[in-house]
Amino acid sequence: MAKCAVIVFPGSNCDHDAYYAVKHEIGMDVNFVWHKETALNDVDAVIVPGGFSYGDYLRSGAIARFSPVMQEVVTFARKGGAVIGICNGFQILLEAGLLPGAMLPNEHLKFSCKMVHLKLAAATATPFTGLMEQGQTIQIPIAHGEGNYTASEETLQILKDNDQIVFQYCNPLGEISPEVNPNGSIYNIAGICNTQRNVLGMMPHPERACDPILGSDDGRIIFNSLKSVLEGV
Amino acid sequence: MFKARVYVTLKPSILDPKGKAAQGALHNLGYHKIKSVRIGKMIELDIEADTAAEAKVAAEMASRKLLANEVMEDFEVEITKELHHG
């Protein structure tokens with residue numbers, strides 16, 4: 001059975017949601033890894049969960065990225081291991097340099113907590129989207145105050161050229177427009193991957209949408225894709 | 001020992017929603033002559049070093065590594081004074 005690590009920083013608050021979703025909804029093995037650890041110990045994938053690591057001091061994710069375990073996560077990612085950063089986890093991966101760009105406060109300055117629609121923009125698969133089809137939309141929640149993704153024109157062009165823009169905010173019909181952009185993110189970007197495609201960062205929370213009683217189970221396809229890649233089923 | 005100040009500011013190309021909100025509030029208060037507000041942060045460091053130049057290098061390294069994110073921020077280091085123990 002494939003095994004995932006959920007990294008826990010002081011201030012992580014979606015670690016248990018991720019653990020529960022992966023273990024009980026999807027059926028993979030999972031363990032928590034405290035940020036002071038210096039080894040990941042034979043895991044097949046890493047989840048960097050949401051929250052407010054180190055109270056968002058200095059910048060979101062800026063201090064967590066220097067936690068001892070992050071060196072291991074970087075090494076794991078460079079070797080091709082599947083890594084997903086969700087919300088604050090995405091911010092940490094940006095600060096760690098595993099993904100390009102940076103995160104600004106939401107344009108409207110409000111914390112946004114609501115359901116959004118996402119469109120799979122990328123044509124090329126990632127370990128987290130292999131069961132999805134390009135253009136497919138899913139409905140999962142966001143909950144963040146700093147999800148306004150920014151990057152230089154040059155970086156944005158590279159992201160486009162390499163098919164690294166994985167998710168964009170859209171309406172229920174999959175149409176992309178400024179009106180459905182919840183935070184001011186350039187190009188309605190909700191999630192991107194690295195050039196090797198094994199590292200995904202996304203602001204919306206698939207782990208909070210794995211059971212219909214939570215309003216949506218559309219997030220399951222992200223973890224089911226991972227399971228399918230890792231277990232070859 | 002030297003005291004350094006690191007000024008971290010958003011790059012000019014980056015929108016500053018907090019600055020914009022503050023500017024709006026200033027306009028509401030009647031300060032119409034204030035045409036732009038950009039918010040950054042100032043970080044004070046006490047640095048063990050023999051010379052001001054050495055302290056500056058240390059502060060710049062700290063800024064590059066952690067205090068500023070050069071994807072969206074610029075920084076400037078100023079050595080403000082030499083600290084004496086006694």
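# Briefing: a salt-bridge network and the A/B contact

A:R59, A:E95 and B:E73 are linked in a network of salt bridges. Keep in mind that this is a predicted model. Over all chains, the structure holds eight salt bridges, and one of them is found across the interface of chain A and chain B.

- The link between the chains is a salt bridge between the side chains of A:R59 and B:E73, at 3.7 Å from N to O. With a cut-off of 4 Å for such a pair, this one counts.
- Within chain A, the side chain of A:R59 also meets that of A:E95 in a salt bridge, here at 2.8 Å from N to O.

**Where chain A touches chain B**

- Chain A brings 14 residues to the contact, and chain B brings 16 residues.
- About 1200 Å² is buried between the two chains, with carbon and sulfur atoms giving 72% of that area.
- On the polar side, four residue pairs are in polar contact between chain A and chain B, counting pairs with both residues at pLDDT 80 or more.
- Which element gives the largest share of chain A's side of the contact? That is strand β5 of chain A (residues 102-104), with three residues.
- By residue type, the side of chain A that touches chain B splits into eight nonpolar, three polar and three charged residues.

- The buried residues of α3(A) include A:F90, A:I92, A:L93 and A:L94, along with A:N88, A:Q91 and A:E95.
- After α3(A) comes A:G97, which has a positive phi, near 80°.
- Across all chains, the count comes to three aromatic pairs. One of them is A:F90 with A:Y149, which is stacked, with 6.2 Å centre to centre and 15° between the planes.

**A serine in a loop: A:S12**

- A:S12 is found in the loop between β1 (3-8) and α1 (15-26) of chain A.
- Its relative accessibility is 14%, so A:S12 counts as buried.
- A polar atom of the A:S12 side chain lies 2.9 Å from the backbone nitrogen of A:F9.
- What else does A:S12 contact, leaving aside neighbours within four places in sequence? The partners are A:I7, A:P49, A:G50 and A:G51.

- B:D46 forms a salt bridge with B:K3, and the closest N and O atoms are 2.8 Å apart. B:D46 lies in strand β2 (residues 41-47) and B:K3 in strand β1 (residues 2-10), so the pair ties together parts of chain B that are 43 residues apart in sequence.
- B:D46 is partly exposed at 45% relative accessibility, whereas B:K3 is buried, with a relative accessible area of 17%.
- The side chains of B:E44 and B:R5 also meet in a salt bridge, at 3.0 Å from N to O. B:E44 is in strand β2 and B:R5 in strand β1 of chain B, so this pair ties together parts that are 39 residues apart in sequence.
- B:E44 counts as partly exposed, at 41% relative accessibility. B:R5 is also partly exposed, at 27%.

Conventions:
Residues are numbered from 1 along each chain as its sequence is written. Chains are lettered from A and ligands numbered from 1 in the order in which they are written. This is a predicted model: local features need pLDDT of at least 70, side-chain atom pairs count only at pLDDT 80 or more; totals for chains, interfaces and linings use all residues. Side-chain values use heavy atoms; hydrogens and water are left out. Contact means heavy atoms within 4.5 Å. Buried area is the accessible area (1.4 Å probe) that two parts lose on being put together, summed over both. A polar contact is a pair of N or O atoms within 3.5 Å; within protein, one must be able to donate a hydrogen and the other to accept it, and residues adjacent in sequence count only if both atoms are side-chain atoms. Helices (H or I, at least four residues) and strands (E, at least two) are DSSP runs, numbered from the N terminus. Ala, Val, Leu, Ile, Met, Phe, Trp, Tyr, Cys and Pro count as nonpolar, Asp, Glu, Lys and Arg as charged, and the others, Gly among them, as polar. Rings of Phe, Tyr and Trp (its six-membered ring) pair if their centres lie within 6.5 Å; planes under 30 degrees apart count as stacked, over 60 as edge-to-face and the rest as tilted. Buried means under 20% relative accessible area, exposed over 50%, partly exposed in between (1.4 Å probe, protein chains only).
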